[in-house]
Amino acid sequence: MAAALAHKDQSDVWWVFLLEGIAAIIFGILLITNPASTLVALVIFLGFYWLFVGVLELVRVFVDSSVPWYWSLLIGVLGIVAGIIVLRHPLFAAIVLPTAIVVWLGVLGLVIGVFAMIGGFTGGGVGSFIFGLVNFVIGLILLGSPMVAALAVPLVFGILLLIQGVVLIIWAFKVRR
């Protein structure tokens with residue numbers, strides 16, 4: 001019964017899934033066909049977002065006592081500084097942000113790889129070891145050349161957005177009454 005009610009709720013807003021799917025496909029196509037310009041535009045949007053959130057967090061210092069004021073102050077100042085840096089240097093940010101993502105993913109690959117390989121030796125079996133080895137190698141590749149790997153970020157996200165868009169459109173028509 002609960003599943004039927006949840007399905008009914010989704011059927012009322014099927015068009016939201018459709019619009020999300022269309023938007024994902026549009027952004028996916030833009031990232032694949034014109035990655036540099038699309039990435040710069042997204043970074044500029046991110047800069048405005050961080051600036052806006054930073055200002056709102058500073059306002060929160062004075063109007064919201066549910067969060068310690070120093071956290072809102074810190075988040076606000078960092079948001080404003082990050083927003084200003086990104087907006088003043090969008091091309092630099094368009095290179096640095098994907099590279100930072102690649103470095104983060106590389107470090108995660110190494111850490112996950114080491115723990116999974118240890119797990120393989122301590123009873124997790126061959127599958128755990130192979131999983132760890134693959135993650136470790138991917139981490140080494142990403143950290144070995146993060147700038148080159150960062151060039152693939154728009155393409156990878158573009159492909160993921162295309163897949164997500166198609167799935168959302170299919171889902172929209174599936175839940176539609």
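## Helix α4

In this predicted model, the buried residues of α4 are Ser72, Gly76, Gly79, Ile80, Gly83 and Val86. These residues lie on the same side of α4, because the arc they cover around the axis is only 140°. An α-helix has 3.6 residues a turn, so residues three or four places apart point the same way. The buried residues of α4 pack against α3 (35-63) and α5 (90-144). On the face turned away from the buried side, α4 carries the exposed residues Leu78 and Arg88.

Helix α4 spans residues 69-88, 20 residues in total. From its first C-alpha to its last it reaches 28 Å, close to the 28 Å expected at 1.5 Å a residue.

## Largest pocket

The largest pocket holds about 290 Å³ of space. Its lining consists of 15 residues, and Leu31, Leu39, Leu42, Val43 and Phe157 lie nearest its centre. Two or more lining residues come from each of α2 (14-33), α3, α5 and α7 (153-175). Helix α3 gives the most, with five residues. By class, the lining has 15 nonpolar, no polar and no charged residues.

## Second largest pocket

About 250 Å³ of space lies in the second largest pocket. Of the 14 residues that line this pocket, Leu39, Ala94, Ile95, Leu151 and Pro154 lie nearest its centre. The elements giving two or more residues to this lining are α3, α5, α6 (146-151) and α7. The largest share, five residues, comes from α5. The lining of the second largest pocket has 13 nonpolar residues, one polar and no charged.

Notes
Residues numbered from 1 in each chain as written. Predicted model: local features only at pLDDT ≥ 70, side-chain atom pairs only at ≥ 80, totals over all residues. Heavy atoms only, no water. Helix = DSSP H or I, 4+ residues; strand = E, 2+ residues; numbered from the N terminus. Expected span 1.5 Å × (residues − 1). Buried < 20%, exposed > 50% of the residue type's maximum accessible area, 1.4 Å probe, protein only. Arc of directions from axis to C-beta. Contact = heavy atoms within 4.5 Å. 1 Å grid on protein atoms, 1.4 Å probe; cavity = no way out; pocket = protein on both sides within 12 Å on 5 of 7 lines; lining within 4 Å. Points joined across faces, edges and corners; volume = space filled by probe spheres on them. Nonpolar A, V, L, I, M, F, W, Y, C, P; charged D, E, K, R; others polar.
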